[in-house]
Amino acid sequence: HIGRRGPRGSLLSVISGTTVSTMRPPNAIGRMEVTIIQAHNLPQVIWSSGKDGEFLGLPQAYCVFTLNKLTAQTTINKRDWSPNWNHTVSIAVRDVWQVCSLKVMHSKTLHRTHKDDFTIGNVSLPAGQVINWRGVSLGVDGQWRAFHRPYNAGAGTIYTVCRGKNRNGVESDRFETAEEAASAYDDVASKKDKEMAVLNFSGEGDVVGQHVKEEQFPLAGEDGVGVVGVQAGVAAMIRLRLKFHMRGVSYLEVQLERAACLPKMDAGLGSCDAYCIAMIGGYNFKSRLVRNSLDPRFQQTFRINVRDESEVLELRVQIWDWDRFDDDDHMGDAVLRFTPRETENGALDSAYPVMKPEGNEVALRNGKGVQSTLHLKFNYYPWKES
């Protein structure tokens, strides 16, 4: 256990790579949990030695995270272009305009930092960017709308107003809920940005969903100009997971671990390219695609807010086989009903049978007659005032 004093006597504690704030301001709107995962393609840095002068070499990087005048720091990684930290910081947030600031620094020694350590790059973003769905805003008429800006668009690019199906199945550009608008944004972004699309309800991140963002952020220098990494012409990046716990809100996380014993779907290859669509509480999440596997490991978590912990939720997970040239094949469904409280202490963590989509009455089996299963885990985070 390592302790470090913050301003006004607050204490940040570091335990096994996790930093938590031990004080919650009485006016906090919630808590931000930031996981500093890994940097990619960092640039060369200047090293100096007594006899050889200065030379360029690999960075010896660490991160400093600041929010609400509280600061936390990762360990220093030995010389590496793509250092991995997987360090989690948890700090109270007072309002949506507060800025989360992260600096990637270079230390000349492995065991401690120095006042003259070199700043490799910065990332800054307001807390509201994590709380709000991507591309979604609330209009003066009380209706939610979504606006899409193309990936890597230049200055002066006009935003597209996103249209999609509202809760009544009617196509519109105004929605009663932010989630409907977020879904419309995803539809437009998928078509326009294709494989480069960054979406609300799917992606390559380990955690997707309500009040969470996990993605790679480009590093910028002190002058605001993007940092180019050791690979010429390619930006230096850092992967972060930002998860917000709003005051008074409870959250349920459904972890899609893996499927087992799926049938062969691709002629000639004897395999399948599986992905899942998870439907729960009005949310539709799409998992990452796992190619060429009859036992795909998805290792992805979907996060929703819980309005009533006594409400019985239905989770339906569809398993699909992706096809490049034909329509994707719906292989089967796993369905279960539960209340959020029933998921506590791993009570529902299990392998669930997958049934064929026609009526969900016939088991899906592989070529050897073994029933296909879907392995799920659950985490429920009821709000607790502290």
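**View 1. Overall fold of the predicted model.** The chain has two helices and 27 strands. Helices (H or I, at least four residues) and strands (E, at least two) are DSSP runs, numbered from the N terminus. The radius of gyration is 23 Å, close to the 21 Å that the globule rule gives for 386 residues, so the chain is as compact as a globular protein of that length. That radius is taken over C-alpha atoms; the rule is 2.2 Å times the number of residues to the power 0.38. The C-alpha trace spans about 75 × 55 × 50 Å along its principal axes. Residues are numbered from 1 along each chain as its sequence is written. This is a predicted model: local features need pLDDT of at least 70, side-chain atom pairs count only at pLDDT 80 or more, and totals for chains, interfaces and linings use all residues.

**View 2. Burial in the chain and in strand E7.** Of the 386 residues, 47% are buried. Buried means under 20% relative accessible area (1.4 Å probe, protein chains only). Strand E7 (residues 61-67) is mostly covered, with five of its seven residues buried.

**View 3. Strand E7 beside strand E10.** E10 covers residues 99-106. Six bridges join E7 to E10, and the two run antiparallel. Strands pair if DSSP finds at least two bridges between them. Ala61 stands opposite His106 in E10.

**View 4. The E7–E8 hairpin.** Strand E8 (residues 70-73) pairs with E7 in the antiparallel sense over four bridges. Leu67 stands opposite Leu70 in E8. Two residues lie between the strands of this hairpin. In the turn, Asn68 has a positive phi of about 60°.

Key. Heavy atoms only, no water. Buried < 20%, exposed > 50% of the residue type's maximum accessible area, 1.4 Å probe, protein only.
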